[in-house]
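Please look over the chain shown below before reading on.

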Amino acid sequence: MCGIAGLIPRQAGSSYEHVACVESMLEVMQHRGPDGRQVHRYGSCILGHARLSIIDLQNGDQPLHNATNSVHLICNGEIYGYRPLLEAARHRREVLTNSDCEVLLHTYLERPHAGFSDGLNGMYAYCLFDEDRHRILLGVDDLGIKPLYYVETPNYLLFASELRSLLSGMAMLKVPISVDQEALQLFLHAGRFDATAGPIQGVMKFRPGQTIEIDVRSSKL
């Protein structure tokens, strides 16, 4: 179990405060990734990963990159039957690790569009940044086993593997946090929250198989 988090500004430029925000979100998820935390800035976008080392202990730190260092991936999860897939990719292009998550990266390189992970056997949540195409993709596996939460504001898009991690980032950036009254009424009436929403106003949870594409030049979905 690992954790991912990130910040995508609506306006060009990022600051130390933004980096500290992602670091704070990862700190909240320390129990998910006690073996290391990485925060990297790519342009104005900031991606963070908290790692639990299981596969490729020496070289599996994230973000993962392609050979030209233009596509970056953070991923929480597991790709089933990854070894033959990774070996097949190794024959076609340079493979830099023995991590199962690198299969996700090379799947994108072979079919670089928003539905690239459709049908891939595994449980995962990811953020992929393609600098050449000015594109960020956020998505989860077909069954939605691995959670991913996000919130949009006029200034930012924040995402994280856990709700309380996202709330930490929102608090640090002074994004208003309030209870969603309709969601609360549903919970009191039916004992559940909506599949794509929760108790906090504006915070959304990815539905199974959902992918969001963001143009980083305009930060528009």
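Which residue takes a positive phi in the hairpin of strand 4 and strand 5? In that hairpin, where five residues lie between the strands, Asn 69 has a positive phi near 60°. Helices and strands here are DSSP runs numbered from the N terminus, a helix (H or I) having at least four residues and a strand (E) at least two.

This is a predicted model, in which local features need pLDDT of at least 70 and side-chain atom pairs count only at pLDDT 80 or more, whereas totals for chains, interfaces and linings use all residues. Residues are numbered from 1 along each chain as its sequence is written, and side-chain values use heavy atoms, with hydrogens and water left out.

Taken as a whole, the chain has a secondary structure of five helices and eleven strands. Its radius of gyration is 17 Å, close to the 17 Å that the globule rule gives for 221 residues, so the chain is as compact as a globular protein of that length; the radius is taken over C-alpha atoms, and the rule is 2.2 Å times the number of residues to the power 0.38. The C-alpha trace spans about 55 × 40 × 30 Å along its principal axes. Of the 221 residues, 49% count as buried, where buried means under 20% relative accessible area, exposed means over 50%, and partly exposed lies in between (1.4 Å probe, protein chains only).

Among contacts (heavy atoms within 4.5 Å) between residues at least 6 apart in sequence, 56% join residues at least 24 apart. The chain carries 20 positive and 25 negative side chains, and the centres of the two sets lie 1 Å apart; Lys and Arg count as positive and Asp and Glu as negative, while His and the chain ends are not counted.

Strand 4 is joined to strand 5 by two bridges, and His 65 has His 72 in strand 5 as its bridge partner. Strand 5 (residues 71-79) has seven of its nine residues buried, so this strand is largely enclosed by the rest of the structure. Strand 5 also pairs with strand 6 in the antiparallel sense, over nine bridges, and here the bridge partner of Ile 74 is Cys 127 in strand 6. Strand 6 (residues 122-130) in turn runs antiparallel to strand 7 (residues 135-140), to which six bridges join it, with Ala 125 standing opposite Val 140 in strand 7.

Another hairpin is formed by strand 2 and strand 3, with two residues between them, and Gly 43 in its turn has a positive phi of about 65°. Strand 2 (residues 37-42) pairs with strand 3 in the antiparallel sense over six bridges, and Tyr 42 stands opposite Cys 45 in strand 3. Ala 50 also belongs to strand 3 (residues 45-50), and counts as buried at 0% relative accessibility. Leaving aside neighbours within four places in sequence, Ala 50 is in contact with residues including Cys 2, Leu 26, Met 29 and Arg 37.

Among the helices, helix 3 (residues 102-110) is mostly covered, with seven of its nine residues buried; Glu 102, Leu 105 and Tyr 108 are among them. His 106, which lies in helix 3, is buried with a relative accessible area of 3%. Not counting residues up to four places away in sequence, His 106 touches Ala 89, Arg 93, Glu 94 and Val 95.

A contrasting case is found in the loop between helix 5 (181-190) and strand 10 (203-205), where Asp 194 is placed. Asp 194 is partly exposed, with a relative accessible area of 39%, and the C-alpha atoms of Asp 194 and Asn 155, which are 39 residues apart along the chain, are separated by 26 Å.

Key: The place of a charge is taken as NZ of Lys, CZ of Arg, CG of Asp or CD of Glu. Two strands pair if DSSP finds at least two bridges between them.
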